[in-house]
Number of protein chains: 4
Amino acid sequence: MKKIKAGIINVTGYAGVELARLLCRHPSVELVSVTGRSAAGKKLKAAFPHLADLDLSITADLEGDVDVAFSAMTHKASAEAIVPLVKKGVRVVDMSADFRLKKASQYAEWYDFEHPAPELLHSAVFGLPELHRSSIAAAGIVANPGCYPTSVILALAPAVKAGIIEADIVVDSKSGISGSGRTLTIPTHFSEASDNVRAYGLGGHRHLPEIVQELDALSAPGFVSVTFVPHVVPMTRGILSTCYGNVRSGKLKGGREELLKIYTEFYRNEYFTMVVAEPPETKHTLGSNLCLVYPLLSAQTGKMVVVSCLDNLVKGAAGQAVQNMNIMFGFPETAGLEAVPLYP
Amino acid sequence: MKKIKAGIINVTGYAGVELARLLCRHPSVELVSVTGRSAAGKKLKAAFPHLADLDLSITADLEGDVDVAFSAMTHKASAEAIVPLVKKGVRVVDMSADFRLKKASQYAEWYDFEHPAPELLHSAVFGLPELHRSSIAAAGIVANPGCYPTSVILALAPAVKAGIIEADIVVDSKSGISGSGRTLTIPTHFSEASDNVRAYGLGGHRHLPEIVQELDALSAPGFVSVTFVPHVVPMTRGILSTCYGNVRSGKLKGGREELLKIYTEFYRNEYFTMVVAEPPETKHTLGSNLCLVYPLLSAQTGKMVVVSCLDNLVKGAAGQAVQNMNIMFGFPETAGLEAVPLYP
Amino acid sequence: MKKIKAGIINVTGYAGVELARLLCRHPSVELVSVTGRSAAGKKLKAAFPHLADLDLSITADLEGDVDVAFSAMTHKASAEAIVPLVKKGVRVVDMSADFRLKKASQYAEWYDFEHPAPELLHSAVFGLPELHRSSIAAAGIVANPGCYPTSVILALAPAVKAGIIEADIVVDSKSGISGSGRTLTIPTHFSEASDNVRAYGLGGHRHLPEIVQELDALSAPGFVSVTFVPHVVPMTRGILSTCYGNVRSGKLKGGREELLKIYTEFYRNEYFTMVVAEPPETKHTLGSNLCLVYPLLSAQTGKMVVVSCLDNLVKGAAGQAVQNMNIMFGFPETAGLEAVPLYP
Amino acid sequence: MKKIKAGIINVTGYAGVELARLLCRHPSVELVSVTGRSAAGKKLKAAFPHLADLDLSITADLEGDVDVAFSAMTHKASAEAIVPLVKKGVRVVDMSADFRLKKASQYAEWYDFEHPAPELLHSAVFGLPELHRSSIAAAGIVANPGCYPTSVILALAPAVKAGIIEADIVVDSKSGISGSGRTLTIPTHFSEASDNVRAYGLGGHRHLPEIVQELDALSAPGFVSVTFVPHVVPMTRGILSTCYGNVRSGKLKGGREELLKIYTEFYRNEYFTMVVAEPPETKHTLGSNLCLVYPLLSAQTGKMVVVSCLDNLVKGAAGQAVQNMNIMFGFPETAGLEAVPLYP
């Protein structure tokens, strides 16, 4: 079978390099070009010794023709890099936020820039296969969701769609440190981050509008009110989100059993999102494309609590990008994503 | 100045051994007796090499006369050990839960045992100096609060007392692994706990009733409804609690400034509980008796969010026990607790 | 193509469960039976949620016919379980030490038991493919090497074989904590092991005789004198061994270049053992079957230093077991072992 | 008692900030001035929230008169800052390498700069109290040893002085990551450093010449030949050094007992260096000024092995600097250094 050709724009961040790791074992894809700014000119395997199998040089721009391009650029720069590709007919999976939000004005509000191609926002598809699989299949641009939003939307979608949860929702997320990327900062310096937990983004985290947009789309515009507080915990990979909301009056008379049934039905045909019977742990997803979801009702207060977890670099980034590509090109959805979680 | 004599019942757990570490440098206390079951007969410093300065043997029972006894026994066993001491006139700081709850029936409900001395529950004082300083000074039994409750009650007390927060409160806590003690279990085995985050106690955690009891006491019986989910994160020491609640209608017209003022006033004269201007991190408390509290209002939803953190073995256990003892015996409240947090 | 049937004896330790993880994606193997003592009767995926894809129950004994059995039992028990299988014609990869040593008397000396089947010791093959590939292909019992010995022998074999290193060798190894297994102990309790480094086995570690046996076999009986000190460092997976020895008088006139050539030649045709140009790190091998080797000569003292590293549960245990099985059954040597290291 | 006034040059690195932490509780010292480059103008406690008790501003230069100045500058810059202070009669503890080496030419060789004040090298005293206590008491400049050299020299001094160890010595050290300082680098980025062990400095580490200088001084010029390989392990604080050497022919007929006696005698009167009966662990020194030393003879090869450990920021840097200051000013040697190790 002929392989499609793929390129990665900005391979040198954690999402980009994880994508290279996944694509180098994908049965239907040949990774032909990888770009990077400061590392341009270097061999990929010199910069990243774990990729010894990939004999590619890092270049300043994508080289040769590709069928699919993945962008792991930061916001704004990503849109700028993608627009010319889209015009050439290259299909794109964008791991930045640049095509996730439907309202162009939100880019000014949350990301401090004027969107360079607002006309593309509506044809771009939010790349969460569990919600938008058929649109993804046909899309020219797939906007790969953020790591937090993937964990949160998958935790809440069944409840919001079923109309069983009130609008006022609290989301408390705990992320490993790779979520902050490879850029050097004091808070991600080992001696500062180890043995430490902290909340951040308390003024409003950029992942919030995607969460609200997608949950609103499952209920009604302006419905949900999400208070989202992300935290950083001392581990490399993994996100665990704990979501809290009240049961809507008159709903869920069947209690936990009914709740479990709603969730199980919702994800019945999914390959990677699993409703689990015991509280999930991030280690149960390490290196895999799984998202585990555990809904319950508090015995003391009746509040609905949903815990979800995933590997932020796989289902939260590069793995989901590959899953989206598989859907776009008609490959088996699990192709290249069969890895069993690494335990312990 | 003559030193008082102190004993530790069950020195071999993490709370007990931390207490020994603190007392061995206390200017007004002589640690004269330490007990342990399996380690009885061993030298303390053989079992715990960091205590090389303490030349004590671990015995099965307290030996000699003591002015104050600290119990680091587990629940039920602690009450059984304490009752005879109390009858002999020894003043006691109990680090177990056995004298924290005012209603004897709650022990059957939450801890599965019939309380052996329910008549002592009302004279025992809940040992949170920020709320009960003067009662502690006179108490025969001080019930040292749990690690989670200390972080949660200190985070919420000013808001609950001021009547500015609604009753429906979500508490999401993140604890280091020493909170699970020194008993060997699969979840606290290094290879299982490292690089892992998990929620637990989802059916109801035993620290919940103390939280509710103390917050109710600041408002009205049966007022608060707390949904409490503890999590374990891969670090040894530290708890960070993130508390969420809605502002009561018509209250807090002054916004964050008013909120900050309420908190700052509440803790104005405290040595160890500090209202901070930046989001606190557990590393800012490591090895110290500090509790840092950071209240804010969500810019997106208006919800009140309070983040607090402390070292679970110090302010969350042994340090607070020493603080209580200082109050009981009229020592300076900071005696033996001057350690500056270890950073990084 | 028809798959062979495989069984794992004692799947519940870290080596066993890692083997299950690898075999469940092997293209030519069907895992049909897994045993465990305390977990017998449980579903494998209930005990190990990351193995959700494997629908097997843990049984007390191997069930059904298998073509190959892997033993992850502890020493002595392993030999006892293997002998009847061998008599039935099942080919065995033993991950215990029971068939690694050629002299039966060494089991009494180092492992405190009388070997139950000394007559099988000489037909068993020490399962280090880099040294014994052709014998492994024909073997009935392959004795999978220990994790430390794999890293040490691969680091030293080229130098010892070439006769360029003196007999007096120091080996200082650093291991992650999963090397101590899943059995609960104080030193592997998270709060004790985190932020801690310690040397152990200072009276003599059981992996020493295998190291000596294999290095002697490459030079002369009784030749090498290895001082081996293992250390534990706070991470889950990985071993890094640093080996020190003097260059033999008159040898290695060509300096580092000659040294590098000797090593590169030695491992030229290997799939998994790579001589690398920069000092290797355990993270470059995480989750993969790689062993990285880096030889150099000290600029200050001329001493030969060889650094090697690997994932102790893969090349140091289950991955090497699969590699041995691949050789035994004529599968491609890399089958089921293609995983690229997980980074970061 | 009147306190002496102290200043810290470059408080913003880990050694500097640790010094501030220690001095802020020292009974005989008032910290009056702290400097920093990029942080100049900031409050110390804003930059380092754990120092909430210190109400000092960071300034570009030392302000006011000080009796003692500590330099935590990097090499070369440190000497340039110190020389004018010395001329003004200020006594100095230099935590850089600038006054550790006696031969000015070694600065060109190992540190790539021409020493600006070679005439001061011989009056400066190498600040290891265990070897140079009386000279330290009288010194104008005390050159605080490096973290690795402290652990290595203390491990080897008794054996070298007693003439029982051969000259050819291997030192394999394992350090926590704070030893690399607070400067941001890829290898100290959390996601790169966690779950990772690596050797570095393989071309020759700058701490080697101090080790050789001090060991030679205990035996004969040019005597020792030290092969030193430092490693980084995933923890914040701590160094463990494992030292290997052969027993000199005809020596140590009394075996381990004689060895132990030599070590115990050597450190009999020390406050902080302890010969221990069990293999020491870095966690037994966390936050304290202790150095633990454990000598033994290999049962298999007869080689002498000495394991030592300490907290690299305390006995390996700031704690030793305070100890030196205590000696210089006639304070009790343990003043301000009474902290019991933080466990667990």
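Domain bounds here come from an automatic or database domain assignment. The model is predicted: local features need pLDDT of at least 70, side-chain atom pairs count only at pLDDT 80 or more, and totals for chains, interfaces and linings use all residues. Residues are numbered from 1 along each chain as its sequence is written, with chains lettered from A and ligands numbered from 1 in the order in which they are written.

**Exercise 1. Domains of chain A**

Task: Find the domains of chain A and describe the contact from the side of domain 1.

Solution: 
- Step 1. Chain A has domain 1 at 4–123 and domain 2 at 148–312.
- Step 2. Their C-alpha centres are 27 Å apart.
- Step 3. Domain 1 of chain A gives 9 residues to the contact, and domain 2 of chain A gives 7 (C-beta atoms, placed from the backbone, within 7 Å).
- Step 4. On the domain 1 side, helix α4 (residues 105–111) of chain A supplies the largest share, 3 residues. Helices (H or I, at least four residues) and strands (E, at least two) are DSSP runs, numbered from the N terminus.
- Step 5. That side holds 5 nonpolar, 2 polar and 2 charged residues. Ala, Val, Leu, Ile, Met, Phe, Trp, Tyr, Cys and Pro count as nonpolar, Asp, Glu, Lys and Arg as charged, and the others, Gly among them, as polar.

**Exercise 2. Two helices of chain D**

Task: Describe how α6 (residues 147–162) and α10 (residues 314–329) of chain D cross.

Solution: 
- Step 1. Two packed helices are described by the angle between their axes and the distance between the axes.
- Step 2. The axes of α6(D) and α10(D) come within 8 Å and cross at roughly 100°. Axes are lines fitted to C-alpha atoms, for helices over the stretch in contact, and angles run from 0 to 180 degrees between N-to-C directions.
- Step 3. So α6(D) is roughly perpendicular to α10(D) (65 to 115 degrees).
- Step 4. From α6(D), D:Cys147, D:Thr150 and D:Ser151 meet D:Lys315, D:Gly316, D:Ala317 and D:Gln320 of α10(D).
- Step 5. By class, this contact has 2 nonpolar, 4 polar and 1 charged residues.

**Exercise 3. Chains A and B**

Solution: 
- Step 1. The same surface serves both copies, as 100% of the contact residues of chain A recur in chain B.

Technical notes. Contact = placed C-beta atoms within 7 Å. Parallel < 35°, antiparallel > 145°, perpendicular 65-115°, else oblique.
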